[in-house]
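Subject: Structure handover

Hello,

Please find the structure below. My notes on what was found in it follow.

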Amino acid sequence: MATVASVSLLSEAEFGCEHLASQLMNDGPTSNQFRASFVKAHNSLGRLDASKTARSGLLKPNYTCLTCSEPCMNGDRKVHTEQTGHQFYMESRSRALFCQGCEDLVYDHGLERCRSATPENSSQGAKRRFSESSVDELYVKSNANRRPCAKQGVRGLFNLGQTCYLNVILQTMLHDPILNTYFLGNGHQPHDCIVTDCIGCAVAEAFADFNSIDKPEGFAALNLLLASWRASPTLAGYQQQDAHEYYQFLVDKLHASAEGNKESPEKSCTCFFHRTFYGKLRSSVTCDKCGNVTKTEDPIVDLSLDVQVQAKKRAMGGGSGPSATPTLNGCLESFTSPEKLMAGVYNCSGCGGTPQKATKQLRIKKLPAILCMQLKRFEHTFAVSEKVEGRIDFPLSINMLPYTTNPNSSVDKTRYTYDLSSAIVHKGKIDAGHYYVYCRQGEEWMLFNDDQVTPVTEAEVLGVDAYLLFYNLRCLSNAAP
């Protein structure tokens, strides 16, 4: 039997992978036995069996060992290989071949011929057999060593019952280039994860479904919904939910799913999700009497900006007239401007711990790669809860340097330049509304209203009454510390 080393220089198009080549490159008892095991496993995992598995409630596939027919789940498969040396499995749902040596699904045109020649497929008639001279097989064989392009298109998400809050956040993530690079690359791998109801696995599966199935219709993020329900009792059920709160929940759970993440505030976390979503906010309180400054820093995953026009119209609108439209820059200026604290709110250590009047100011210490900004439209008081209507002007790109702890520093401003990637809108009342989202798709913009997808112009996007805005750092290589 050939060794892996002896076939390492073979074209990947000749066999599914180098490990498979060591099994199949020589005609003999070993290769014939492997092909027979492949066909046997394929026939045993027929459509009837797959439907029974689906009805039994098993949302995740299992893997049948081709050597000993042992069924394994994700975490068990690796252990089984280490104990037995068996490294080839058949996935139960699609009956695709999985190589534990590659830790991935592999395709082999020779085995595909064995599959198409089985009595099951011969009787179906809907599937064509491959032949050595088949144009289809020649195309697949000559291109099997290239990673196929992800689907270049857009797809909606079915509303599963008051789940528009989930749909808009997931669409935002699905269209984010940073997250696409992670989840479609070597990011979170569901087949290696042993965590029950893992949010990272559910999001990774959504990315795979969205990008790998060549269908124009929408799809349902059922696994993500179920995992969210199980992780948070407040989300379970079909009641209205806040998209901003769901975004915070999802980021927190993704961070928890990352390998090597650190929860301790004393330690700096360097995991992918922390570096992508988390920033740092500095609060400085200056005593009006002695000038003592107290500084605290807290992690943030978004900025919540006040949009109360009457109370903040001068800072937000930049104009004196009551009709001046407030702006995102004005909201940020209001957010980072000094605020007077009344006596009794702050006890100054420089004045012996006595209550003093003071001035508080918020500044951004560290900016994340993906910056979420919430325009606070929902106001809750003891007397009433209401929604603040009205448009806030926001730009396609924004320089965040003026709102940091070093607003006047002479640094390269491209390190602080962000480009708009999506805008989420809430329509309706505070307790009975609907979410939809505008996302950038390449150089174009699309409106995602659950499973309905409509192309729109930049002007339409900039004219909406946004609730959540997502901006991406333009140049990651020059990211500010």
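Asparagine 261 is found in the loop between H12 and helix H13 (272-277); helices (H or I, at least four residues) and strands (E, at least two) are DSSP runs, numbered from the N terminus. At 21% relative accessibility, asparagine 261 counts as partly exposed. The cut-offs are these: buried means under 20% relative accessible area, exposed over 50%, and partly exposed in between, with a 1.4 Å probe and protein chains only. Asparagine 261 touches His255, Ala256, Cys269 and Cys271, leaving aside residues up to four places away in sequence; a contact means heavy atoms within 4.5 Å. Cysteine 271 is 10 residues from asparagine 261 along the chain, and their C-alpha atoms are separated by 5.4 Å.

Some notes on how to read all this. This is a predicted model, in which local features need pLDDT of at least 70 and side-chain atom pairs count only at pLDDT 80 or more, while totals for chains, interfaces and linings use all residues. Residues are numbered from 1 along each chain as its sequence is written, and side-chain values use heavy atoms, with hydrogens and water left out.

Confidence

The predictor's confidence in each residue is its pLDDT, from 0 to 100. The protein chain has a mean pLDDT of 80, and 77% of its residues reach 70 or more. Over residues 1-13 the pLDDT is below 50, and this stretch has 25 contacts in the model beyond near neighbours in sequence. Residues 309-322 also have pLDDT below 50, with 23 contacts in the model beyond near neighbours in sequence. Where pLDDT is low, the predicted coordinates should not be read in detail.

The chain as a whole

The protein chain contains 16 helices and 19 strands. Of its 481 residues, 44% count as buried. Among the contacts in the chain with a separation of 6 or more, 62% are between residues 24 or more positions apart.

Helix H10 covers residues 199-212; at 1.5 Å a residue its 14 residues should span 20 Å, and its end C-alpha atoms are 20 Å apart, which agrees. The expected span is 1.5 Å times one less than the number of residues. Of the 14 residues of H10, 11 are buried, so the helix is largely enclosed by the rest of the structure. Among the buried residues are Ile199, Val203, Glu205, Phe207 and Phe210. The buried residues of H10 pack against helix H8 (164-174), helix H9 (177-183), helix H11 (222-231) and helix H12 (243-257).

Which residues does leucine 250 touch? Leaving out residues up to four places away in sequence, they are Ile169, Met173, Ile199, Val203 and Leu224. Leucine 250 lies in helix H12 and is buried, with a relative accessible area of 0%. Leucine 250 and isoleucine 169 are 81 residues apart in sequence, and 8.9 Å apart in space, C-alpha to C-alpha.

In the loop between H9 and H10 is aspartate 197. Its phi is near 55 degrees, a positive value in a residue other than glycine. Aspartate 197 is partly exposed, with a relative accessible area of 31%.

Cavities

A search of the whole structure finds two cavities of 30 Å³ or more. On a 1 Å grid over the protein atoms alone, a cavity is a set of points where a 1.4 Å probe fits but cannot get out, and lining residues have an atom within 4 Å of a point. Grid points are joined across faces, edges and corners, and a volume is the space filled by probe spheres set on the points.

The largest cavity has a volume of about 50 Å³. Its lining includes Thr172, Met173, Tyr247 and Phe470.

The second largest cavity has a volume of about 40 Å³. H8, strand S16 (432-441) and strand S17 (444-449) each supply at least two residues of its lining. Aspartate 450 is one of the residues that line the second largest cavity. Aspartate 450 is found in the loop between S17 and strand S18 (452-456), and is buried, with a relative accessible area of 12%. Phi of aspartate 450 is near 55 degrees, a positive value in a residue other than glycine.

Regards

Note on methods: 1 Å grid on protein atoms, 1.4 Å probe; cavity = no way out; pocket = protein on both sides within 12 Å on 5 of 7 lines; lining within 4 Å.
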